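User: Please take me through this model by question and answer. I would like each reply to end on the value or name I ask for.

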Amino acid sequence: LLGLSTVPALGLFGYAWRKQHQYEQKPREAASAKTAAAAKNVSEVNVALLGAGAQGQVLLDAMLRIPGLRFRAVCDVWKEYNQKRAVNTLKKFKFEVNGYEDHREMLDKEKDLDAVIIATPDFWHAPHTVDCLKAGKHVMCTVPMATNIADCEKICQLVADTGRKYMMAETVVYSREFLFIKQMYERGELG
């Protein structure tokens with residue numbers, strides 16, 4: 001009889017999960033229909049994800065819904081986990097991506113890339129950004145831009161010299177919790 005005491009709790013959990021899933025599914029279906037309609041007039045942008053850890057995964061999940069964004073490569077030094085997970089996720093969404101452990105090899109081989117999304121540890125931001133800008137790629141990099149003023153100035157100078165765009169991305173606003181609140185606001189559920 002003691003074991004049966006968990007049955008009502010499990011049933012309640014299952015019910016709550018089902019309701020939450022239904023609640024989250026409606027906006028996804030509406031967004032999917034909207035995305036399909038908008039995608040007809042959008043040109044493709046070929047991107048690579050450099051750094052597929054926790055921040056990279058948040059960005060990847062958010063970017064899967066952007067019309068015209070075509071993932072072509074994933075680069076992460078942790079090949080057997082981060083890189084493999086990100087590549088498999090993208091393949092499920094019908095992206096043809098290549099995996100790399102070295103970002104320089106990726107930049108050499110992936111000639112059709114327009115931009116690179118950088119979500120690596122902070123101390124790698126400046127070196128990765130510099131290499132991507134020198135390779136003629138636009139860059140979106142999670143914060144911070146760099147860990148010292150000299151590297152920030154170097155990146156600003158490279159942006160001016162190359163004519164490439166650089167975006168310092170504050171990734172917390174792309175996290176699931178913030179997106180959920182945004183969706184509630186857009187549906188008029190908040191005052």
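This is a predicted model: local features need pLDDT of at least 70, side-chain atom pairs count only at pLDDT 80 or more; totals for chains, interfaces and linings use all residues.

User: What share of the 191 residues in the protein chain is buried?

Analyst: Buried means under 20% relative accessible area, exposed over 50%, and partly exposed in between (1.4 Å probe, protein chains only). By that cut-off, the buried share of the 191 residues is 34%.

User: In which sense do β1 and β2 pair, and which residue of β2 is the bridge partner of Asn 46?

Analyst: Two strands pair if DSSP finds at least two bridges between them. Strand β1 (residues 45-50) and β2 have six bridges, in the parallel sense. Five of the seven residues of β2 are buried. The β2 partner of Asn 46 is Arg 70.

User: Which residue forms a salt bridge with Arg 72?

Analyst: A salt bridge is a side-chain nitrogen of Lys or Arg within 4 Å of a carboxyl oxygen of Asp or Glu, and the structure holds six. For Arg 72 the N to O distance is 3.7 Å. This pair links distant parts of the chain, 28 residues apart, with Arg 72 in strand β2 and its partner in the loop between α1 (6-39) and β1. The partner is Glu 44.

User: Where do Lys 84 and Glu 80 lie, and is Glu 80 buried or exposed?

Analyst: The side chains of Lys 84 and Glu 80 form a salt bridge at 3.5 Å, N to O. Both residues lie in helix α3, four residues apart, about one turn of the helix. Lys 84 is partly exposed because its relative accessibility is 44%. At a relative accessible area of 55%, Glu 80 is exposed.

User: Which backbone oxygen does the side chain of Gln 83 reach?

Analyst: Gln 83 lies in helix α3 and counts as buried because its relative accessibility is 7%. Leaving out residues up to four places away in sequence, Gln 83 has contacts (heavy atoms within 4.5 Å) that include Val 74, Tyr 100 and Glu 101. At 3.1 Å, the side chain of Gln 83 reaches the backbone oxygen of Asp 76.

User: How far apart are the C-alpha atoms of Thr 129 and Val 139?

Analyst: Thr 129 is in helix α5 (residues 125-134) and is buried because its relative accessibility is 0%. A polar atom of its side chain lies 2.7 Å from the backbone oxygen of His 125. Beyond four places in sequence, Thr 129 is in contact with Ile 118, Val 139, Cys 141, Ile 155 and Tyr 166. Thr 129 and Val 139 are ten residues apart along the chain, and their C-alpha atoms are separated by 6.7 Å.

Technical notes. Residues are numbered from 1 along each chain as its sequence is written. Side-chain values use heavy atoms; hydrogens and water are left out. Helices (H or I, at least four residues) and strands (E, at least two) are DSSP runs, numbered from the N terminus. A polar contact is a pair of N or O atoms within 3.5 Å; within protein, one must be able to donate a hydrogen and the other to accept it, and residues adjacent in sequence count only if both atoms are side-chain atoms.
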